[in-house]
Amino acid sequence: MREEEKKRSSQDSSFKRFMKKRWAFPAIYIASAAIILTGVLWYQTSDNATDTDSYDYEATDITGKKYDEPALEVNRAMENFVMPVKDPDSAVIQKQFYDYDGKAEEQEAALVFYNNTYHPNTGIDIATKDGETFDVLAALSGKVTKVEEDSLLGNVIEVEHDKGIVTQYQSVTEMNVEVGDQVEQGDVLAKAGESLFNEEAGVHVHFEIRKDGTPVNPLDFFNKPLSSLQELDTADKADAEENSGATEENDEAAPSEDKSAEESGNTEDEGSAEESADENAGNTEEDESADTEEDPAGTSEDEGQTDDQVEEDTATESTDA
């Protein structure tokens, strides 16, 4: 019994000595915290693994699943339209954009004469002061969607920047791009050339900006971001152009209608005059017929009276004899 008591007393004394040390309680606290934290992390990891199995990776809210179209880069949306030339100060605009709301003098100056017909200019024609060829640069970053050789327009390059927004470069030669190429703003697309459609412009590049197929004035968007064109409503402008065209057609048709009305009135007057002449002629013929019918009767009566007088005279002479 004494040996067991000695052992117990020795164990108690050693535990008390351990607990009396300064680092004993901090060590116990840290060990307990580590055990608890390990248990929490293990529990969270097991829950996440269970939830992951229930995810539907075919859902349409995941990037790239709902839309097949490539995302538009943010820096591209913030790019400003620039003139498609290296040195804008040396550029000369040979012919302006035809604005249906502009002044008559400006509209007249923006007409292109080709094949005995005047055509509204749907862009701007850019040349240099010396009339020499120059590099045609991309006005904005985008994807090349059209590269065509066209003898009339002088070849065409089209670059798409956003859905429905494109830039066109006509009257170019030595084209350096192909369909599907990604171009950055300022990349050389081609060289300026000539076109049969606008021979008066000489060596130039015909530059257009279109939204949903409707041309807009490039001068209104130079040094402005793509977002300004995205907010533009071109439907009203297209309606205005159609109404303007209808007004011009009505103005041209109005004199023809007036002339037709005058000719119709003259024709009716002539017809009335002819009818009157016919009626007068008819009346004259009737009068002549009536006179003719009456005259023979009177002549017969006179002849009958003359014969009676001759017979009476003859009878008188026979009596006298």
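**A proline and its surroundings**

Modeller: P84 is found in the loop between α3 (74-77) and β1 (91-95). Keep in mind that this is a predicted model. P84 has a relative accessible area of 0%. The cut-off for buried is under 20%, so P84 counts as buried.

What does P84 touch, leaving aside residues up to four places away in sequence? Its contacts are I126, D135, V136, L137, Y169 and F207.

D135 forms a salt bridge with K191. The closest N and O atoms of this pair are 2.7 Å apart. The bridge links distant parts of the chain. D135 sits in strand β5 (residues 135-137), and K191 sits in strand β11 (residues 188-192). They are 56 residues apart. How open are the two ends? D135 is partly exposed, with a relative accessible area of 30%. K191 is partly exposed as well, at 27%. Side chains of opposite charge can pair when their charged atoms come close.

The structure holds two salt bridges. The other joins the side chains of E208 and R210, with 2.8 Å from N to O. Are its ends buried or exposed? E208 has 2% relative accessibility, so E208 is buried. R210 is buried too, with a relative accessible area of 19%. The cut-off is 20%, and R210 falls under it because its value is 19%.

Step back to the chain for a moment. The protein chain has six helices and 13 strands. Buried residues make up 24% of its 321 residues. Now consider contacts between residues at least 6 apart in sequence. Of these, 62% join residues at least 24 apart. The pair D135 and K191, 56 residues apart, spans a separation of that kind. The chain exposes about 22,700 Å², and carbon and sulfur atoms supply 48% of that area.

N155 lies in the loop between β6 (142-148) and β7 (156-162). N155 has a positive phi of about 75°, although it is not a glycine. Its relative accessible area is 16%, so N155 is buried. S171 is in the loop between β8 (165-170) and β9 (172-173). S171 also has a positive phi, about 60°, and it is not a glycine either. S171 is buried, with a relative accessible area of 1%.

Another loop gives a contrast. K163 is in the loop between β7 and β8. Is K163 buried or exposed? K163 is exposed, at 65% relative accessibility. K163 and Q230 are 67 residues apart in sequence. Their C-alpha atoms are 9.3 Å apart in space.

Now the surface. Start with charge. K16, R17, K20 and K21 form a positive patch. K20 is in the loop between α1 (2-19) and α2 (24-52). At 69% relative accessibility, K20 counts as exposed.

That loop also holds W23. W23 belongs to a nonpolar surface patch with F18 and I28. Together, these three have about 300 Å² of accessible area. W23 itself is partly exposed, at 49% relative accessibility. Why is W23 not called exposed? Exposed needs over 50%, so 49% leaves W23 partly exposed.

A negative patch is found too. It is formed by D99, D101, E105, E106, E108 and D220. D101 is in the loop between β1 and α4 (104-109). D101 is exposed, with a relative accessible area of 67%.

D135, in turn, is joined to K191 by a salt bridge.

Notes:
Residues are numbered from 1 along each chain as its sequence is written. This is a predicted model: local features need pLDDT of at least 70, side-chain atom pairs count only at pLDDT 80 or more; totals for chains, interfaces and linings use all residues. Side-chain values use heavy atoms; hydrogens and water are left out. Helices (H or I, at least four residues) and strands (E, at least two) are DSSP runs, numbered from the N terminus. Buried means under 20% relative accessible area, exposed over 50%, partly exposed in between (1.4 Å probe, protein chains only). Contact means heavy atoms within 4.5 Å. Accessible areas come from the Shrake-Rupley method with a 1.4 Å probe; for residues, only the protein chains shown count as cover. Patches are made of residues with over 30% relative accessible area and no salt bridge: like charges are joined within 9 Å, nonpolar side chains (Val, Leu, Ile, Met, Phe, Trp, Tyr) within 5 Å. A salt bridge is a side-chain nitrogen of Lys or Arg within 4 Å of a carboxyl oxygen of Asp or Glu. Lys and Arg count as positive and Asp and Glu as negative; His and the chain ends are not counted. The place of a charge is taken as NZ of Lys, CZ of Arg, CG of Asp or CD of Glu.
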